[in-house]
Amino acid sequence: MRRLGELEAEIMDRLWTWDRPATVREVVDDINLRRPAAYTTVMTVATILYNKGWLTRRKQGQAWLYTPVRSREAYAAALMEDALGASRDRSAALVHFVERMTDDEVAALREALRATGRGGEL
């Protein structure tokens, strides 16, 4: 999985945060609170995200309403899987990753393993 580009990530972040369908106009207006963004540019990138399968869309009047297909967490998990796949020694990569985790993150990892039935005897 390729990491999202800067504007792609900005669009997805808003849609994930809002947790509701939104129009390009809403996204542009929100981006413009922080920096200038052209409507046509955001519309083009939203269409690209739709064509890549990141967004669904449905017509509402003259505008499209966009909704994420995957959650932010599913995206993060896919990035982690890709990063892990870049190593020739997945076990060593996991050890390095876990060594950098906070105690709370380790506890969350243990809970996730238990919840999926993969916790063994943790």
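This is a predicted model: local features need pLDDT of at least 70, side-chain atom pairs count only at pLDDT 80 or more; totals for chains, interfaces and linings use all residues.
How many nonpolar, polar and charged residues does the lining of the largest cavity have?

The lining of the largest cavity has nine nonpolar residues, one polar residue and no charged ones. The space inside that cavity is about 30 Å³, and the count of cavities of 30 Å³ or more comes to one. Three helices each supply at least two of the lining residues: H1 (6-18), H2 (24-31) and H3 (39-51).

In S2, Tyr 66 stands opposite Arg 57, and Leu 65 is the bridge partner of Arg 58. Strand S1 covers residues 55-60 and strand S2 covers residues 63-68, and the two pair in the antiparallel sense over six bridges. Together S1 and S2 make a hairpin with two residues between them. Have a look at Gly 61 in the turn, where phi is positive, at about 65°.

Now, let's zoom out to the domains. The assignment for the protein chain gives domain 1 as 4-66 and domain 2 as 70-114. Their C-alpha centres are 29 Å apart. How many residues of each domain are in contact with the other? Six residues of domain 1 touch four residues of domain 2. Between them the two domains bury about 590 Å², with 49% of that on carbon and sulfur atoms. On the domain 1 side, Leu 4, Trp 16 and Trp 54 supply 80% of the area buried against domain 2, more than any other three residues.

My last stop is the largest pocket, with a volume of about 540 Å³. Of the 15 residues that line this pocket, Leu 84, Leu 94, Phe 97, Val 98 and Leu 109 are the closest to its centre. Helices H4 (72-85), H5 (90-99) and H6 (103-115) are the elements that give two or more residues to the lining. Which of them gives the largest share? That would be H4, with five residues. By class, the pocket lining divides into twelve nonpolar residues, no polar ones and three charged ones.

Key. Residues are numbered from 1 along each chain as its sequence is written. Side-chain values use heavy atoms; hydrogens and water are left out. On a 1 Å grid over the protein atoms alone, a cavity is a set of points where a 1.4 Å probe fits but cannot get out, and a pocket is an open set with protein on both sides within 12 Å along at least five of seven lines; lining residues have an atom within 4 Å of a point. Grid points are joined across faces, edges and corners, and a volume is the space filled by probe spheres set on the points. Helices (H or I, at least four residues) and strands (E, at least two) are DSSP runs, numbered from the N terminus. Ala, Val, Leu, Ile, Met, Phe, Trp, Tyr, Cys and Pro count as nonpolar, Asp, Glu, Lys and Arg as charged, and the others, Gly among them, as polar. Two strands pair if DSSP finds at least two bridges between them. Domain bounds come from an automatic or database domain assignment. Contact means heavy atoms within 4.5 Å. Buried area is the accessible area (1.4 Å probe) that two parts lose on being put together, summed over both.
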